[in-house]
Every structure is written in structure tokens, then in C-alpha cells.
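Hi there,

Here is the structure I promised to pass on. Have a look at it first, and my notes on what turned up follow just below.

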Amino acid sequence: MFARTWEIVRLERFFMGMVMLAATGGGGCGKKEEVPCRCPDATLAAVPVTTQGNGSVEHASAADGTAQAVTEAEARHWMDDEYVPTLQRLERAASLMAWNAYVFGSEDFYRAKEDAEILFRRYHSDRKTFERLKEMEDSPEIRDPLLKRSLEVAWLQFLDNQIDPALNARIVELSTKLEERFNTFRAEVGGEPKTDNELTKVLRETKSPDEARATWEALKQVGPLVAKDLLDLVELRNEAARQVGFPDYYAMQLAVSDQTPEGLKDLMDRVAAMTDAPFRQWKEEIDTELAARFGIAVEELRPWHYGD
């Protein structure tokens, strides 16, 4: 890490603002209520939607009062002309801010990364779009399998964000804080700060069991510093999952990834059945090589002997 002067900080902030502006097409987002959110409009311009006096959403109806199914042309217009371009801008902004945070490691860039992710999540939290998207996904008028699949994927992205906005923002803030702590932490060995690259290099090359253990344990020094925040994040994510009808965050993430706990277990069981035998053979070869390198018996091998 290089020394950051005030001039460098100002340059970083200017650069962040310009990148965010360009990536989102002029949009911006503040987390606090007193700062107006200027997230991209989530309204379906080409799909007529009316709101009842009670706040419920009612879609365009035929002359006889029956609801009209969303046509394939309407769904394709929303997907190609509304959603995909907006998604591209939001993902570009989030990716650029994340890249800058990881490269420079400065707090300002991590806050910009946080803002970009909240911008992304706020767009996908729009309830009217979420409900209309479900109607598009279920419409019998949509026969193109690629379009139907695209709508399913978009609906899952919106489902993941149908939670309390304040809770959503808190989750982003805490997860970004944890990322920043992990990525900028420097372990100490012998009283000197070391980068992860320096420590992993030692683990790859050392032949000393004591040096391997000290280095491996140094890489774990960050654990106590993030433990509380990590447990808090688990609770917040589980609370968010319950708000959209899932028992916990694990189940929700499987669902929005088009998976089920049973399906994942079946997949892992099949992978294990196919790889257990070659893995055991490979593991024996690794153990023999490492034991020779450190001058110890295979039975004496411990986690630090295997590197990071």
C-alpha cells in the first residue's frame, strides 16, 4: 500500500464520481433517506399498469373485464429495451467500483462499491415490476423458450431483493465492511506486516515445519477481527430470507440460483462417487511428497503443511 496524500484522495473521489456517472448513465444513489435515490426507473413503459385506490396493482384488461395476458412482443420489449440496458449499466458500475476497491484498497472506493451495489439492489426491489414480471413469465402468449428463460432469471433476481430496503442496505454495508477488512488486513509475522502473497509464497516454498505453522496461523489472524460482524451478517441474511418466505439464507440462495437442497445433495453425492477413488490416490501421492519435503512422517502432517 502506498502513502495516500490529500491530493490522491481528491483524485480518487473525482475518478469514482466520473466512473459511476458514466457507468449508470447519470444515475446515483444515496443510502440515507435524506438523500433522494435516483435509481433507474423500474416502470414497465411498454406494459400498461394501473394502480387501484387500495394500492394493489391491476393490469390492462379487455373490454369484458378479463385480464389480458402479456404478449410476447411486450415482454421482449421490456427485456431487450428496458431491463437488459439498465442491468448492463448497473453491473458495469458495480464491477468497476469493486475492481477499484480491490486494487487500491482505499475506504473511499469501498464506499463507492457499496453505493453501486445498493443501486443495483434498489432497482431490483421494485414491487410493481416484480409482480408484472411474474405475469410475463407465466403468460401463455410467450412461446420463445429463450425469452421465457430470460424472464425466469430476471424474476429470480428481483425475488432476491423483495425485502425491507433498510435491511437490504444494512446487509450490503456489513458485507462490504467485511470484504474491506479481509482484503486490506495485513498479518504480522515476527512483528512485521506481510501481504497474503508473501505469506502464501512462504507456504509454497518453506521446508521448515515451524515456519509453515507460524505462517499458516498468521493468515488466520483476521478471524477474530471479523467474527462478530460475520455472525451479525448471517443473522441479517437469514432475516431477509424469512421476509420472502424462505427458512434461511442458504435455502433462498439455492432457490434464486435455480437449485434445491435435495438437488444439490444429489449432485454432490454423484460427484463424490465418481471422484473418491482418484482423490484418495492423489492424496496419498501429495502426502508422501509433503512428508519428504518437511522431513516428517505422513501421520504427522497438519493443515499448515498443505499450504493455504
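Asp258 sits in the loop that links helix H10 (249–256) to H11. Please keep in mind that this is a predicted model. The phi angle of Asp258 is near 65°, a positive value in a residue other than glycine. With a relative accessible area of 42%, Asp258 is partly exposed, because buried would mean under 20% and exposed over 50%.

Now for the overall picture. The protein has 11 helices and four strands. Of its 308 residues, 34% count as buried. If you take the contacts between residues at least 6 apart in sequence, 70% of them join residues at least 24 apart.

Several helix pairs are worth a look on your screen. Let me start with H4 (residues 127–138) and H5 (residues 145–159), which pack at an angle of about 155° with their axes 9 Å apart. Angles over 145 degrees count as roughly antiparallel, and H4 and H5 are therefore roughly antiparallel to each other. Their crossing is left-handed. On the H4 side the contact involves Thr129, Phe130, Leu133, Lys134, Met136, Glu137 and Asp138, while H5 brings Lys148, Leu151, Glu152, Ala154, Trp155, Phe158 and Leu159. Sorted by class, the contact of H4 with H5 has eight nonpolar, one polar and five charged residues.

Thr129 and Phe158 are 29 residues apart in sequence, and their C-alpha atoms are 8.4 Å apart in space.

Next come H6 (residues 165–184) and H9 (residues 223–243), whose axes come within 10 Å and cross at roughly 150°. That angle makes H6 roughly antiparallel to H9. Here too you will find a left-handed crossing, with H6 passing H9.

The crossing of H3 and H6 is right-handed. Taking part are, among others, Tyr110, Arg111, Glu114 and Ile118 of H3, and Ala169, Val172, Glu173 and Thr176 of H6. The contact of H3 with H6 divides into four nonpolar, four polar and nine charged residues.

One last stop is helix H8 (residues 209–218). Which residues of H8 are buried? They are Ala212, Thr215 and Ala218. These residues cover an arc of only 130° around the axis, which puts them on the same side of H8. An α-helix has 3.6 residues a turn, so residues three or four places apart point the same way. The cover over the buried residues of H8 includes strand S3 (187–189), helix H7 (196–205) and helix H11 (261–294).

Key. Residues are numbered from 1 along each chain as its sequence is written. This is a predicted model: local features need pLDDT of at least 70, side-chain atom pairs count only at pLDDT 80 or more; totals for chains, interfaces and linings use all residues. Side-chain values use heavy atoms; hydrogens and water are left out. Axes are lines fitted to C-alpha atoms, for helices over the stretch in contact, and angles run from 0 to 180 degrees between N-to-C directions. Helices (H or I, at least four residues) and strands (E, at least two) are DSSP runs, numbered from the N terminus. Angles under 35 degrees count as roughly parallel, over 145 as roughly antiparallel, 65 to 115 as roughly perpendicular and the rest as oblique. A crossing is left-handed if the near helix is turned anticlockwise from the far one by less than a right angle, and right-handed if clockwise. Contact means heavy atoms within 4.5 Å. Ala, Val, Leu, Ile, Met, Phe, Trp, Tyr, Cys and Pro count as nonpolar, Asp, Glu, Lys and Arg as charged, and the others, Gly among them, as polar. Buried means under 20% relative accessible area, exposed over 50%, partly exposed in between (1.4 Å probe, protein chains only). The arc is that of the directions from the helix axis to the C-beta atoms.
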